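Trainee: Please take one part of this model and go through it closely. I would like the geometry first, then the surroundings.

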Amino acid sequence: MTLSNYAFQKCISPTCGETYDVGEVLVACKTCGDLLDIEYEWDKLAIPTSLSQFEAFWQQRTVPARFSGVWRFHELLPFVELDQVVTIGEGQTLLQQADSLARYVGMDHGHLYLQYEGMNPSGSFKDNGMAAAFTHARATGAKRAACASTGNTSASLAMYAAVTRLMKAVIFIGTGKISYGKLSQALDYGALTVQIAGDFDDAMARVKEVCPQLDIYLVNSINPFRLEGQKTIMLRVLESLGWETPDWVIVPGGNLGNSSAFGKAFIELKELGLIEKVPRLAVINASGANTLSELYEQRGIRWDGGLGAPNVTDQYYEELDHTGRKASTIASAIEINRPVNLRKCLRALDFCDGVVREVSDQEILDAKAQVGAGGIGCEPASAASVAGAKLLRSQGVIGTDERVVCILTGHQLKDPTATVAYHTTDQDQFNQVLGSRGVKLASYANRAVGVPNDVDEIVKAIQLYS
Ligand SMILES: *Cc1c(COP(=O)(O)O)cnc(C)c1O
Ligand SMILES: [Zn+2]
């Protein structure tokens with residue numbers, strides 16, 4: 001048996017709580033349809049007595065599993081034996097202090113940090129979760145794996161399938177909604193790419209119907225194993241801070257897998273006595289895809305011990321259908337109106353004393369330009385975390401001297417179209433890509449300087465502008 005005897009799946013609903021074997025392939029409770037967690041009989045497992053003990057595993061970096069920034073923390077996601085994990089070197093990511101950005105956000109010097117998950121093999125945080133889901137898929141004998149994707153999940157799935165040769169990847173994408181950086185990855189890595197006449201929410205609904213029919217393993221973040229891998233993003237943040245808890249963790253919200261995983265990580269760390277303080281969590285929506293913000297901030301839904309008013313959510317989705325409103329934002333990775341992990345996110349917000357905000361495409365792109373100017377760069381969705389930090393600072397929710405970690409979810413090169421349109425001197429290009437999204441100004445544009453093909457003119461221009 002490669003899967004652990006001490007791990008099991010459990011329905012998150014307190015009124016159900018049904019449990020399932022860790023080897024079953026499920027994305028929802030068979031009794032009530034709620035989401036599932038992976039849970040552990042911790043008392044039967046060997047867990048470090050302090051988080052600093054994980055540092056010793058750095059010395060095992062010649063073991064592929066310990067080289068992984070996910071499996072280095074295997075003891076905290078022990079649903080499988082360590083020698084049975086799938087890894088392609090994910091999670092080699094760093095927390096960086098970002099002082100120029102701190103000024104932009106309105107924080108004191110040294111208080112703003114960026115966790116750059118764009119440094120993963122496929123260029124987004126999704127690899128953290130894919131390593132775990134792929135591990136479970138292989139353990140259950142899956143031959144094909146599928147996902148619906150705004151781009152990064154499919155890039156990650158396609159990469160894991162191609163590198164490991166363990167499975168065939170099938171990806172479902174909406175029409176015209178995927179950036180070329182991400183689409184090119186799926187195509188290049190050889191995934192079967194199914195383009196559906198619809199948007200992400202449609203693709204998500206269809207993939208959930210198709211997978212059981214064809215016995216395909218689903219790797220969207222509705223899959224609870226994905227979230228086990230994504231917990232390790234928080235472990236690496238804590239590690240980078242010398243195992244101290246930051247005051248705030250700020251993350252963009254799309255399908256709400258990350259925020260849910262972060263919440264679960266802190267719930268478990270606290271329960272295991274490995275941390276004392278829990279950070280506050282801020283989840284940032286784009287205003288063109290603001291379901292969580294609408295439900296949490298406007299309509300007041302809460303986790304409420306797992307009982308929180310489901311009818312409010314259902315009613316909101318009916319309104320969306322009725323008015324034909326589709327998600328629309330330049331931050332394509334979070335262009336989602338029906339976040340599958342909504343309930344787990346509410347639980348995370350409850351445990352981490354969380355807040356939810358929404359930011360406009362203008363705010364997202366300005367923040368993205370500032371992230372880029374700091375030399376890291378990110379794709380639009382990632383910058384929602386920084387724009388959210390700035391908003392929460394201006395509202396006085398975050399203090400200037402608190403310690404804030406923004407998660408940069410995806411690599412700068414994922415969506416060059418948005419970046420180039422922001423910096424362009426071509427007004428038509430700007431209008432076409434960004435103006436149509438309500439973006440009016442590129443306040444931090446770094447525009448190319450046009451010069452004649454003449455050495456003297458070039459010298460003059462460089463002297464003038466530098
Ligand atoms: C998937 C993705 C998100 C959204 O994350 P969720 O866990 O679905 O909320 C945000 N940014 C990027 C770059 C992504 O790829
Ligand atoms: Zn249930």
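Mentor: This is a predicted model. Start with the angles at the zinc ion (ligand 2). Its four donor atoms subtend 96 to 115 degrees, so the arrangement is tetrahedral. The cut-off for that label is that all angles lie between 85 and 135 degrees. The donors are the SG atoms of Cys-11, Cys-16, Cys-29 and Cys-32, at 2.3 Å. Along the sequence, these donor residues follow the spacing C-x4-C-x12-C-x2-C.

Now place two of them in the fold. Cys-16 sits in the loop between β1 (7–11) and β2 (19–21). Cys-29 sits in the loop between β2 and β3 (36–40). The pair therefore ties together parts that are 13 residues apart in sequence.

Cys-16 has 28% relative accessibility, so Cys-16 counts as partly exposed. Cys-29 has a relative accessible area of 5%, which means that Cys-29 is buried. The line for buried is under 20%.

A polar backbone atom of Asn-258 is 2.8 Å from an oxygen atom of ligand 1. For Gly-257, a backbone N or O atom lies 3.0 Å from an oxygen atom of ligand 1. Ligand 1 taken alone exposes 380 Å², and the protein buries 97% of that.

Methods. Residues are numbered from 1 along each chain as its sequence is written. Chains are lettered from A and ligands numbered from 1 in the order in which they are written. This is a predicted model: local features need pLDDT of at least 70, side-chain atom pairs count only at pLDDT 80 or more; totals for chains, interfaces and linings use all residues. Side-chain values use heavy atoms; hydrogens and water are left out. Donors are N, O and S atoms within 2.8 Å of the metal (3.2 Å for Na, K and Ca); water is not among the atoms, so sites may look incomplete. Four donors count as tetrahedral if all angles lie between 85 and 135 degrees; four count as square planar and six as octahedral if opposite donors are over 155 degrees apart and all others between 65 and 115; anything else is irregular. Helices (H or I, at least four residues) and strands (E, at least two) are DSSP runs, numbered from the N terminus. Buried means under 20% relative accessible area, exposed over 50%, partly exposed in between (1.4 Å probe, protein chains only). A polar contact is a pair of N or O atoms within 3.5 Å; within protein, one must be able to donate a hydrogen and the other to accept it, and residues adjacent in sequence count only if both atoms are side-chain atoms. Accessible areas come from the Shrake-Rupley method with a 1.4 Å probe; for residues, only the protein chains shown count as cover.
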